[in-house]
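Trainee: I would like a close look at a single part of this model. Please pick one spot and walk me through it in short steps.

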Amino acid sequence: MGEMNVDSMSQEYFDVLREIGNIGAGNATTALAQMLQCKVDMSVPKVALLEFKEVGDAMGGEEQIMAGIYLGVEGDITGSIMFLLEKNAARFLVSKLMGMELEGDEFSEMEFSALKEVGNIITGAYLNSLSALTNLVIYPTIPDVTVDMAGAIMSVPAIQFGEMGDRMLLIQNQFFDEISIDGYFILMPDLESYGKILSALGMGNM
């Protein structure tokens with residue numbers, strides 16, 4: 001395979017990623033509805049290739065307080081994934097899951113655990129859709145949750161994946177329940193894994 005980096009991806013690959021976003025978000029919507037025991041709808045995902053410095057703005061500004069759920073990816077491909085949502089949306093999901101109003105402004109240890117569970121289910125839904133499309137064995141590591149400004153959360157993957165180019169793929173989904181929730185999904189396979197994903201999709205010579 002020729003020189004491969006995030007900056008040289010074709011429209012065809014974007015369409016595949018959009019499809020992964022569609023299926024993954026559909027699975028995530030179903031899982032959320034079951035978990036929260038209420039109706040959840042979703043809008044068509046937006047897929048964008050952005051420079052790292054643009055990602056914060058795409059999520060409402062670098063200073064927007066977000067909950068970021070970060071997991072490693074293992075199996076046939078390696079790398080990591082992130083799911084981010086605005087802090088108030090995260091608190092809403094956790095309160096629904098726990099069946100109680102949350103006290104104060106910060107997450108308790110138990111609330112953090114509930115947030116990890118939300119992250120596990122949503123990221124698992126995306127990984128399952130990627131696995132189904134590629135027939136690759138993919139599984140996540142234990143999630144790590146951070147609540148911080150979008151810019152600060154994004155600085156970690158920016159450093160980690162800088163060698164793959166200065167851009168990353170962002171899948172944005174909107175979930176609708178009693179309130180509208182913007183969720184941002186970022187898949188960050190390592191360079192070798194991009195090649196494996198493309199080959200599995202029959203695009204190895206891009």
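Mentor: Let us take Gln 172. Setting aside neighbours within four places in sequence, Gln 172 is in contact with Val 44, Pro 45, Lys 46, Asp 182, Gly 183 and Tyr 184. Keep in mind that this is a predicted model.

Where does Gln 172 sit? Gln 172 belongs to strand β7, which covers residues 167-176. Is Gln 172 buried or exposed? Its relative accessible area is 17%. The cut-off for buried is under 20%, so Gln 172 counts as buried. Its side chain also has a polar partner: a polar contact of 3.2 Å joins the side chains of Gln 172 and Asp 182. Asp 182 is also one of the residues listed as contacts of Gln 172.

Now step back to the whole chain. The protein chain has six helices and eight strands. Along the sequence, they follow the pattern α-β-β-α-β-β-α-α-β-β-α-β-β-α. Of the 206 residues, 49% are buried. Take the contacts with a separation of 6 or more: 72% of them join residues 24 or more positions apart. The chain exposes about 9400 Å², and carbon and sulfur atoms supply 50% of that area.

Next, the rings. A pair of aromatic rings is described by the distance of the centres and the angle of the planes. This structure holds two aromatic pairs. In one of them, the ring centres of Phe 107 and Phe 112 are 5.6 Å apart and the planes are at 40°, so the pair is tilted. Phe 107 is buried, at 11% relative accessibility. Phe 112 is partly exposed, with a relative accessible area of 26%.

The other pair is Tyr 126 and Phe 185: their ring centres are 3.8 Å apart and their planes are at 10°, so this pair is stacked. Tyr 126 lies in helix α4 (residues 109-134) and Phe 185 in strand β8 (residues 180-189), so the pair ties together parts that are 59 residues apart in sequence. Tyr 126 is buried, with a relative accessible area of 1%. Phe 185 is buried too, at 2%.

Phe 107 has a charged neighbour as well. Arg 91 lies over the face of Phe 107, at 5.4 Å from the ring centre.

Finish with helix α6, residues 191-200. Its buried residues are Ser 193, Tyr 194, Gly 195, Ile 197 and Leu 198. An α-helix has 3.6 residues a turn, so residues three or four places apart point the same way. After α6 comes Gly 202, with a positive phi near 75°.

How values were computed. Residues are numbered from 1 along each chain as its sequence is written. This is a predicted model: local features need pLDDT of at least 70, side-chain atom pairs count only at pLDDT 80 or more; totals for chains, interfaces and linings use all residues. Side-chain values use heavy atoms; hydrogens and water are left out. Buried means under 20% relative accessible area, exposed over 50%, partly exposed in between (1.4 Å probe, protein chains only). Helices (H or I, at least four residues) and strands (E, at least two) are DSSP runs, numbered from the N terminus. A polar contact is a pair of N or O atoms within 3.5 Å; within protein, one must be able to donate a hydrogen and the other to accept it, and residues adjacent in sequence count only if both atoms are side-chain atoms. Contact means heavy atoms within 4.5 Å. Accessible areas come from the Shrake-Rupley method with a 1.4 Å probe; for residues, only the protein chains shown count as cover. Rings of Phe, Tyr and Trp (its six-membered ring) pair if their centres lie within 6.5 Å; planes under 30 degrees apart count as stacked, over 60 as edge-to-face and the rest as tilted. A charge sits over a ring if NZ of Lys or CZ of Arg is within 6 Å of the ring centre and within 35 degrees of the ring normal.
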